[in-house]
Amino acid sequence: MKRAFESGAHRALKEHQSKLAPVHLRELFAQDPGRFQRFSLELGDLWFDFSKNRLTGETLELLLALAREAGLEARTAAMFEGYPINNTEGRAVLHTALRNLGGTPVMLRGQNVMPEVFFELSRMGAFAESVRDGSFRGHSGKPIRRVVNIGIGGSDLGPQMVCEALRPFWKPGLSVHFVSNVDGAHLYETLKVCDPEETLFIVASKTFTTLETLTNANSARRWIVEAFGTEAAVARHFVAVSTAEDRVRSFGISPENTFHFWDWVGGRYSLWSVIGLPIAVAVGLEGFKELLAGAHQVDRHFLETDLSRNIPVIMGLLGIWYRNYFGAPAHAVIPYDQYLHRLPAYLQQADMESNGKSVHRDGSPVVGYQTGPVIFGEPGTNSQHAFFQLLHQGTGFIPVDFLAAVHPLHPYEDHHRILLANCLAQSEALLKGRTLDEVRREMAEEGRSREEVEALAAHRVFEGNRPSNTFLYDRLTPRNLGRLVALYEHRIFVQGVLWDVNSFDQWGVELGKKLAGRIQKDLEAGGAAGGHDGSTAGLLARLVRTPAPE
């Protein structure tokens, strides 16, 4: 099978793009009064409007042909059926099984994985409920009031994003915190607000060897031991999410408080597993199951819906359209929902670690096209006062996703109307822009002089014609959050298939870890060993020579 970017569909798309590029979105809407209905899709109470994109029906057909040339449907089936599509590590990719609450058998090497998935889910849920109802108590007999998750990467970004998004559903009197950075300030500032007698640490590390996580965990362990004066307290204030039971036991955590997951669960896809323990503690097992149910609905939609009506497929193809045919270097995700303030950071890892690749699945170099874009974002309206200037008037364009709830989870309805007005206004401004004639007319109506108009008009012109998608959902419930996250997961998969890269490994993080180990030894020894470049050696010498402040 030819790769997508060697196909006839690719050549047709290039020719089509050259014809469509000069056409403004204003023209596309003027030509098609039914454009909004034609280029919108629903899933439950979630509405996906992609009509503000630089495409026509022909564009969509050509993009779908590109997906078929890449074998998207077969690759999707292979993922759900447990084939080792993570070929560089010889692993299946079955995070979808974690939210398969119906229990339909999911086979891996001839074995149904669902019984063990449900077993661990049940164990995790029972423990979470024991923390929530106060039956699990600390060493001194006090109930737990603060839970601190210690992890990094997928063991931090996913659970943290979900917990922040679902704050309105937290159990009153119980708070969840996250420590990831090896910078001691992160742990130090977190412990300031914690009482050792009422604090539970969740140490999330598959191998229980991750440097950042174990450094933070050992410091937290010392904090507990010093507070109680005995190592026996560790067992009542630490639990683990890991596969390394021997290391966990050596740390002082009992096997009954160790929760397991599998090598077919990638880190950045692991929030659905027992890595989601802090989520279950915060919102309860039923809330966690609602999150899984929303994601499972998207899984079925992705697997069973025709490509032409398939939301994550359309999302992925639009990303391909802009990255590879318009040269857009980035993609912005702007939630007009403060509870989703960690979603852009979560998606940075999910997307950029998945598709930031420069070789194909067979190891040959990617030549002639770009892969993963830069993902960034902040909540609206804050982002409007930060980087929207570039989105509106910068050279080139960056596609934008807008996300908003129809109804808020707070009582300030007037705030929410202002928020929604800004969300819709920004997408409309990106689409329409403002022409030089429109600027001149507006300034004249304001009573500006001809000289002032001519001097300033060009600065007020907005090109417009800048594409965006809008997601609307009724309220940010656990189920709707599950839907949103799963849509983006499958979008990433679709793009990886078309680029023919392995979206489920992350070898690019390994070299830095290895070099950091060497440099750490140099710092401990008080001088640089050989083998460093001139800059690194000079910086090391500077670090070693600089005395501590008095």
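How do the residues lining the largest cavity divide into nonpolar, polar and charged? I opened the predicted model with that in mind. I found eight nonpolar, five polar and three charged residues in the lining.

**Largest cavity.** I looked up the cavities of 30 Å³ or more and got five. The largest holds about 110 Å³ of space. I noted 16 lining residues, with Leu318, Gly319, His331, Pro399 and Arg491 nearest the centre. Helix H13 (311–325), strand S10 (330–336) and helix H19 (478–499) each give two or more residues to this lining. H13 gives the most, with five.

**Second largest cavity.** I recorded a volume of about 80 Å³ here. Its lining has nine nonpolar, two polar and one charged residues. H6 supplies the largest share, four residues. I read the lining residues off next; among them are Val117, Glu120, Leu121 and Met124, along with Trp262, Trp272 and Phe288. That sent me to H6.

**Helix H6.** H6 runs over residues 114–132 and has 19 residues. I checked its span: 26 Å from first C-alpha to last, close to the 27 Å expected. I then listed its buried residues, and Val117, Glu120, Leu121 and Met124 are among them. Arg123 and Arg132 are buried as well. An α-helix has 3.6 residues a turn, so residues three or four places apart point the same way.

**What H6 packs against.** I traced the partners of its buried residues. They are strands S4 (111–112), S5 (146–150), S7 (199–204), S8 (238–241) and S9 (258–259), plus helix H12 (277–304). Past the helix I stopped at Gly134, which follows H6 and has a positive phi near 85 degrees.

Conventions: Residues numbered from 1 in each chain as written. Predicted model: local features only at pLDDT ≥ 70, side-chain atom pairs only at ≥ 80, totals over all residues. Heavy atoms only, no water. Expected span 1.5 Å × (residues − 1). Buried < 20%, exposed > 50% of the residue type's maximum accessible area, 1.4 Å probe, protein only. Contact = heavy atoms within 4.5 Å. 1 Å grid on protein atoms, 1.4 Å probe; cavity = no way out; pocket = protein on both sides within 12 Å on 5 of 7 lines; lining within 4 Å. Points joined across faces, edges and corners; volume = space filled by probe spheres on them. Nonpolar A, V, L, I, M, F, W, Y, C, P; charged D, E, K, R; others polar.
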